[in-house]
Amino acid sequence: MPPRLPFQSLARSIPFRPTPSAQWPARSANRFTASQFRPYSDSKATGTNDRSGRLDAQPADHVSEEQSKVSEAMGKSGPDMSRGTPVEEIVKGDKEAQEKLPKVMKDKLKAAGNAAPKGSRSYSTMTTRTGGGDELDMGLVGVQTVTKLPTTPGLKFEMPSLPLPKDGHVKHRYDPVVEQVTNLLMRHGKKSVAQSNMALILQHLRTSPIPTINPAKPLLPGAPPPSHLPLNPVLYLTLAIDSVAPLMRIRSQRGAAGGGVALQIPVPLGQRQRRRAAIQWIMGNASKRRNVGSGRGSFAQRIAQEMIAVVEGRSSTWDRRNAIHKLGVAARANIVLPKKR
């Protein structure tokens with residue numbers, strides 16, 4: 001039985017006719033316009049871009065020539081163009097050209113080189129040694145060199161005298177108040193930023209006007225006149241902090257009066273503790289101030305303004321200090337003194 005599928009028809013070749021591509025006419029690569037024509041140096045034909053004959057294409061005159069023309073137009077005497085530059089100036093730095101000069105000009109250059117410069121002395125001002133010693137003769141000034149050697153062997157210089165001065169240690173070279181304020185200004189361990197803010201605070205205090213002292217809120221006794229404060233910004237800062245520093249703090253002790261009732265007991269503070277409390281109060285009030293500037297130094301400027309307000313008696317830090325002192329005076333009866341045996 002023959003198969004139903006015609007295999008002979010499947011084996012026929014399929015004609016493939018490619019699509020004819022569009023052919024564009026080729027353009028000549030050597031196309032020149034009138035504006036792109038550039039003749040050679042030996043050709044006589046010139047294009048439209050040849051500007052060699054124009055006035056603005058000619059080279060400018062030399063400074064001397066220009067000055068000569070201007071002087072001639074104004075009727076004045078200008079530089080003499082008939083005289084040229086001397087040969088000595090032309091070959092001044094060229095040794096090869098100097099060797100080719102005539103003997104007369106060589107002798108002239110040598111005589112000019114051996115002449116003493118203008119303003120020089122005919123004698124020497126160098127120090128000389130006197131006798132066989134190591135001292136120097138300084139002329140009219142009777143100065144002798146110090147040849148004292150250190151007494152301790154192995155040292156080039158003498159040992160420093162003890163005790164060291166207050167600012168002689170590298171870690172304690174700043175004022176204690178400045179160092180404490182800098183440490184309290186520091187955030188995230190960035191002490192360099194705190195030192196920059198401290199410098200801005202001192203600069204603002206130094207450039208501020210003379211403060212007006214409020215008699216109702218006096219400063220520490222023995223304070224200098226207000227006109228002297230901007231001259232010493234460190235003293236200005238110390239006076240503002242110590243004037244509002246509290247003398248005590250109120251500690252609440254539970255069960256001291258019996259029955260679990262908290263009893264308020266005043267506790268005296270040391271110098272650094274008093275200054276720390278005052279600095280924190282001033283920084284808190286400065287953070288609430290309105291920002292009048294912009295940039296990184298705005299907070300330092302607000303702290304400096306709060307310092308000035310403290311000295312002038314306009315800051316609310318005075319009320320906070322007076323409230324603590326008033327409460328401490330009222331609670332002084334709660335202090336239990338040790339009994340004498």
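This is a predicted model: local features need pLDDT of at least 70, side-chain atom pairs count only at pLDDT 80 or more; totals for chains, interfaces and linings use all residues.

Residues are numbered from 1 along each chain as its sequence is written, and side-chain values use heavy atoms, with hydrogens and water left out.

Let's begin with helix 6 (residues 176–185) and helix 9 (residues 271–287), whose axes come within 11 Å and cross at roughly 50°. Helices here are DSSP runs of H or I with at least four residues, strands are E runs of at least two, and both are numbered from the N terminus. Axes are lines fitted to C-alpha atoms, for helices over the stretch in contact, with angles running from 0 to 180 degrees between N-to-C directions. Angles under 35 degrees are roughly parallel, over 145 roughly antiparallel, 65 to 115 roughly perpendicular, and the rest oblique.

So who touches whom? On the helix 6 side you'll find Val 177, Gln 180, Val 181, Leu 184 and Leu 185, and they meet Arg 272, Arg 275, Arg 276, Ile 279 and Met 283 in helix 9 (contact means heavy atoms within 4.5 Å).

Now hop over to helix 7 (residues 191–207) and helix 10 (residues 298–312), which pack at about 45° with their axes 8 Å apart. Helix 7 and helix 10 are therefore oblique to each other, too.

Next, look for the largest pocket. Its lining is made of Glu 88, Lys 92, Lys 108, Leu 109, Ala 112 and Gly 113. Helix 5 (residues 103–114) gives the largest share of that lining, 4 residues. (A pocket is an open set of points on a 1 Å grid over the protein atoms alone, where a 1.4 Å probe fits, with protein on both sides within 12 Å along at least five of seven lines; lining residues have an atom within 4 Å of a point.)

Finally, check the backbone. Most residues other than glycine have a negative phi, and most peptide bonds are trans. Leu 162 and Pro 163, though, are joined by a cis peptide bond, with omega about 0°. Pro 163 sits in the loop between strand 2 (136–137) and helix 6. His 188 has a positive phi, near 60°, and lies in the loop between helix 6 and helix 7.
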